[in-house]
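Dear colleague,

A written account of the findings follows it.

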Amino acid sequence: MLPVPHPPPSLVQHRSTRSLYGHRPFSAVLYSNCNRMQTSTKITLGTLVTVGAIFAYYHTSSRRRTLPPPPGGQRLSVHSSSGSPPGDDRKDAQRASRILLETGPDSQWQRFSEKLAATKASVVNSVASVSVTSVLPDWSLGLPDWITRLQRELNMEQGSLAETIWKEARDPQVNPEVAWDATVRLSPNLCDEEREFLRTRRHFTRRALADYLGIPVGEIHEDDIPIIAATGSGGGLRAMVASAGYYKALKDAGLYDCTTYTAGVSGSCWLQSVYLSSIGQQSFDRVVQHLKNRICVHIAYPPKALELLDNAPTNKYLLRGVVEKLKIGQSTFGLVDLYGLLLGARLMVPSNEMIVRDEDLKLSQQRRFVDKGYEPMPIYTAVRHEIPGIGAENETNKTIDPDEKKAALKKSDSENNAWFQWFEISPYEVYSEDLEAGIPTWGLGRKYENGKNVDKEVPELKLPLLFGIFGSAFCATLSHYYHEVRPFITSLSMLGKLDAMVLQRNDSLIKVHPIDPATVPNYVKGLKDSLPASCPESLYESETIQLMDAGMSNNLACYPLMRKGRNVDILIAFDSSADIQTANWIGYTEGYAKQRKIQGWPVGAGWPQPGNRHASEELDEAQARSTEEAQRKLDEAREMDNSSLEATAREVELGRDKNTLGPCTIWVGRKETRESNEEPPPGNNVEKEWQPSESDAGIVVAYFPLIKNENVPDVDPEVSPYLSTWNFEWTPDQVDNTIALAKANFAEGAERLKRTVRAVYERKKRLRLERERQDSESKDAKEDVWHEVTRRRHGSHTDHFS
């Protein structure tokens, strides 16, 4: 999960105080060096100019419904400090006026033009009003010119960048999908493309598993191959960098090539996109080097961002999605989209900025790496916040009556029935398990009604805009925001009553989003009679769907990996959340498993909660039982002189004490259906035994939290400032240190994980052979019966004629 961009950490360092949400609040660090303070002050004031421009940009949205089109002769009251004549501003206003006449007063393009003009005016005023120019950074004085150039390229006049982009957007030679009709697929099952992927991927994982376990490939039956999935967590650039370290270790160990799925939230989604691009070239070494080169500059540093947006070829590359979304006008362009644009400028542009490839902008184009089974299928995640009575605000493009909204929130509070709906995006499909409905990924961005696209000449929504959705934790609810500042509130005794009052109203605060999430067209509009009964009424006729960071619900992408048909045997979770222990994200999956009646999820998997006496007692008991059991199984293995049976030993990893976990913890469930609709409190009914080789063993969960490791003494996620989710600027050494920590943590569980994979493989093999034996015996028995019946009939027939 990821917050709204803040000034670079070179200006403000952040302390890693734990929070109840997926990141840490930050605090300023005083500088003792006067020269450093002067430099920081200059940059900070320049940043304030930029922030003021962004505020002006979005402030116009609150009055877009009432403002009339500006007169054609209107010009800005100020001009840039670099000497641009007033006539240029008059021409800009005249061009904007022509756009209004062409596109209509309610178009997205009109609102964008208003905001861009307001931004320029705000910046010019800010720069002109600062008398002490010595404290402003030099780049702030060039902002008006940068914005003017951007304005001219986006004016839709013939030959402009925007006009060229829009013309190419509807060209099948550039975007083949605009010639295809898209329909909504209504089914709880996997799509045909994913089922075909599973078939082809198994050929590849068969060879990889043979290498990993040291077994001749000819001895491995495809039905015995464990389906392995890995998920990264949310946590911004920290999660992206740490997950790169974990996946690199997984790759070096030979296990990455054995995996079938990878899934992500926020920063780990960004990682998947870079890896499956011409930038990463399916090499985590290349990804790490790319991060060292690109995230050394803050995503919101104006000179670098505007340079990419003003100059070819990166301007056309990055602005494609913006122009297309605005011209199509079927969903709003907001702060999340701008944020995604900034992320794309840092993460999806290579070091050689002259070499950019348009295919990297489309998530569906990742099929070129996945279709033949050479890479695991990536799953990206987002959520929609459903509040019964009003749905997700602004999805209907209508103003909600305050009294109606108040009544709906009051009813929702009393019934406690607001929830998050999960959406997954793969190279094949955009799908929601709650809706049992999906569309082709290349069809995301176009309007749908009654299960069919309204206009097919709409290109696929571009990846930078999806980056904003994946990492839009700043669209959090008021409750989440309050929990960020609560440590400070509770530290002051005079504010104790305020804290108690706010907590009493938490059920209301958790339903209010101060910043609107991004929107995409609602692809289930008009399908009321075809959707599950649990589908909220607010989606039946709404024009758009609001999507945000999936970390609002769970900072690990376990839910989509547990979906029916994926049949995951082993789930590897790399958790780089800032609030690993307090949030207990891995433990939340138990509630999902019970609600979905998923067989085999390990009950009690997750962080032991302090003060839970019952859980602690069960941990002690599990430790005593499993130690004895492990020794017994190992003795049996030695006596039978069969090394493969060593994998059947039961083990328990309890960490360093009762209330914490180590760098690697592995749980195994049992195959029993979960039927309760209520999620039990995390930590109850803890089952810590490994039973991966037993016949009734269920899903295996291998959990790797990003915690301090004595082998990497200089890195501590608890206190290292650069490991805050709020940090958007990293040095190469910080990247290397975080990678080293992730690899060290993985190394501590690597051998245990390999034994677990072998145990699951041996179990599946044994069960298959048992099934085949039973089938063979059943077939032989049927044949014996048939022969006996035939013999008797034949004998009776012969006696009759004799």
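**Aromatic rings**

Tyr 246, Tyr 247, Tyr 256, Tyr 275, Phe 284, Phe 574, Phe 704 and Phe 746 form a cluster joined by ring pairs. Rings of Phe, Tyr and Trp (its six-membered ring) pair if their centres lie within 6.5 Å, and planes under 30 degrees apart count as stacked, over 60 as edge-to-face and the rest as tilted.

Please note that this is a predicted model, in which local features need pLDDT of at least 70 and side-chain atom pairs count only at pLDDT 80 or more, while totals for chains, interfaces and linings use all residues. Residues are numbered from 1 along each chain as its sequence is written, and side-chain values use heavy atoms, with hydrogens and water left out.

The ring rule gives 23 aromatic pairs. In one of them, Trp 422 and Tyr 559 have ring centres 4.9 Å apart and planes at 65°, so this pair is edge-to-face. It links distant parts of the chain, since Trp 422 belongs to strand β5 (residues 419–425) and Tyr 559 to helix α20 (residues 558–561), 137 residues apart. Helices (H or I, at least four residues) and strands (E, at least two) are DSSP runs, numbered from the N terminus. Both Trp 422 and Tyr 559 are buried, where buried means under 20% relative accessible area, exposed over 50% and partly exposed in between (1.4 Å probe, protein chains only).

**Ser 432**

Ser 432 lies in strand β6 (residues 429–432) and is buried, because its relative accessibility is 0%. Leaving out residues up to four places away in sequence, Ser 432 touches Trp 422, Phe 423, Ala 437 and Tyr 523; contact means heavy atoms within 4.5 Å. Pro 560 is 128 residues from Ser 432 in sequence, with a C-alpha to C-alpha distance of 9.2 Å.

**Nonpolar core**

The largest nonpolar core has 167 residues, among which Tyr 523 and Ile 572 touch the most other members. Such a core is a set of buried Ala, Val, Leu, Ile, Met, Phe, Trp, Tyr and Cys residues joined through side-chain atoms within 4.5 Å. Beyond its neighbours within four places in sequence, Ile 572 has contacts that include Ile 228, Leu 250, Phe 704 and Leu 753.

**Charges and cysteines**

The charged end of Arg 563 sits over the ring of Tyr 431, 3.8 Å from its centre. This requires NZ of Lys or CZ of Arg within 6 Å of the ring centre and within 35 degrees of the ring normal. The count of disulfides (cysteine sulfur atoms within 2.5 Å) is 0.
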